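Here is a guided walk through one protein model. Keep the sequence and the 3D view side by side as you read.

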Amino acid sequence: MAASATPSPAPGSIKRIVAASLIGTTVEWYDFFLYGSAAALVFNKLFFPAADPLTGTLIAFITYAIGFVARPLGGVVFGHFGDKVGRKRLLVVSLLMMGGATFAMGLLPTYASIGAAAPVLLTVLRLVQGFALGGEWGGAVLIVSEHGGDRNRGFWASWPQAGAPGGNLLATGVLAVLAAVQSDAAFLAWGWRVPFLLSGVLVIVGLWIRLSVSESPVFLAAQARARAEAARGAREKAPVVEVLRRSPRQVLTAIGTRFGENISYYVLTSFLLVYVTTHLGLPKSTALNAVLIGSAVHFAAIPAWGALSDRIGRRPVTLIGSAGMALWAFGFFVLVDSGSFAVITAAVTVGLLLHGAMYGPQAAFISEMFDTEVRYSGASLGSQLASIVAGALAPIIAVELLKDHGSSVPVSLYLCAAALVTTLTVALARETRGRDLAAGSGPAGGPASAAASPHGAAAAAGPDPA
């Protein structure tokens, strides 16, 4: 059996790298999701008060969506420099930008204090958040993917993905505690600021851990090759231009892979807060605690789905999630409409388990689509373009459908259609499991040849019989 060009690292080394990526992505997603939760619960009253509740929430979610609009720009800028100077440096910058913007939100005066300047400042800080997160995802999953070996890449690379429910768990948990110990008036007056200010502490911890990791050996080898080519007079090209020239199909596949996953996550979490509190008239603690419990299960499920993708492939696991979500879209709201906390929690948990099947293998799947020289740019561009057409609009579309029809059925149809887009995309995609990340691409920018990796033939033909 041929040796893999990306051998498995020492257990202590990969665990340290995974820990650094996980703590960083947890902090960044905590910051990002905190805004989404606040937009659903308090920002409509504090920054956009001159509207009825659903319209104010809709406006708050529009500023929420602006953060997504900035993500592709962040992905391009961070991807360019990440492919040029390294993954580690850009991950430090993204963490500082995100944490600084979130901390500043906790200090913002409200509309009652400074009028229209308040929502303007909030929007500017949201843009900074989005820009930083656009660069975070690609770097965090790549530094783990490129350190990890071919055989267990799905498992190791899924841990930075677990930072999303980890951050949501943390954000929702802090909000749930505050909701439990404060009156609504106290929370609206000053309690909402506490979780934003806590971001400063989390950033210090994340920065300390992230600075301790080494640069990806796969990137360092690619950088050495680029320097050698430059010394021979080869013209240096922008990574984002190269990835669009060489791998347009992979970029589109990444967008489609993330489409249903992105929409389903924000409907199951952010929109749920609006639906439960505004449409059903239940306490906000009902939705917050349901998401809290669901996120804990989600956090554990993501690495399990990633590990399964190492056994049977990225595509089959993703299809389990996307096809399952297309069906669950209808059962989800029927259960939520019961008004029972236990039933709502079960509905959210099952939904997040299915989401985890799409999300867990995604880091390895998308990383394996691109060559090292353009991997940061390709992964970031594909994933962040999806965030505009999917995650950015999901809460807005869901709230507007609810506002216009007064029913969850159109939202279920929307969620089902999004999941079917991902199902079709992944069904038509090539399997990437076992690709050697140090090797070049095959024909038409596809994965390296089967001979490059001990899993190569199995990746093309089906599950590894072992």
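Glutamate 368 has 0% relative accessibility, so the residue counts as buried. Buried means under 20% relative accessible area, exposed means over 50%, and partly exposed lies in between, with a 1.4 Å probe and protein chains only. This is a predicted model, in which local features need pLDDT of at least 70 and side-chain atom pairs count only at pLDDT 80 or more, while totals for chains, interfaces and linings use all residues. Residues are numbered from 1 along each chain as its sequence is written, and side-chain values use heavy atoms, with hydrogens and water left out.

Which side chains does this glutamate meet? Arginine 153 forms a salt bridge with glutamate 368, at 3.0 Å from N to O. A salt bridge here is a side-chain nitrogen of Lys or Arg within 4 Å of a carboxyl oxygen of Asp or Glu. The two partners are 215 residues apart and link distant parts of the chain. Glutamate 368 sits in the loop between helix 17 (362-367) and helix 18 (375-389), and arginine 153 belongs to helix 7 (residues 153-161). Helices are DSSP runs of H or I with at least four residues, strands are runs of E with at least two, and both are numbered from the N terminus. Arginine 153 is buried too, with a relative accessible area of 1%.

Glutamate 368 also meets arginine 314 in a salt bridge, at 2.8 Å from N to O. Arginine 314 lies in helix 15 (residues 314-336) and glutamate 368 in the loop between helix 17 and helix 18, so this pair ties together parts that are 54 residues apart in sequence. Both residues are buried. Elsewhere, salt bridges that share partners join Glu242, Arg245, Arg246, Asp371 and Arg435 into one network.

Go back to arginine 314. Its relative accessible area is 0%. Aspartate 310 forms a salt bridge with arginine 314, and their closest N and O atoms are 2.9 Å apart. Aspartate 310 counts as buried at 7% relative accessibility. How many salt bridges does a search of the whole structure find? The count is eight.

Now step back to the whole chain. The chain holds 21 helices and zero strands. Of its 466 residues, 59% count as buried. Contacts are heavy atoms within 4.5 Å. Among contacts between residues at least 6 apart in sequence, 86% join residues at least 24 apart.

Aromatic rings come next. A pair of rings is described by the distance of the centres and the angle of the planes. Rings of Phe, Tyr and Trp (its six-membered ring) pair if their centres lie within 6.5 Å; planes under 30 degrees apart count as stacked, over 60 as edge-to-face and the rest as tilted. The count comes to 11 aromatic pairs. Tryptophan 192 and phenylalanine 196 have ring centres 5.8 Å apart and planes at 75°, so they are edge-to-face. Both are buried. Phenylalanine 332 and phenylalanine 333 also form an edge-to-face pair, at 4.9 Å centre to centre with 80° between the planes. Both of these phenylalanines are buried. Ring pairs also link Phe155, Trp156, Trp159 and Phe299 into a cluster.

Valine 201 has its place in helix 10 (residues 193-210).
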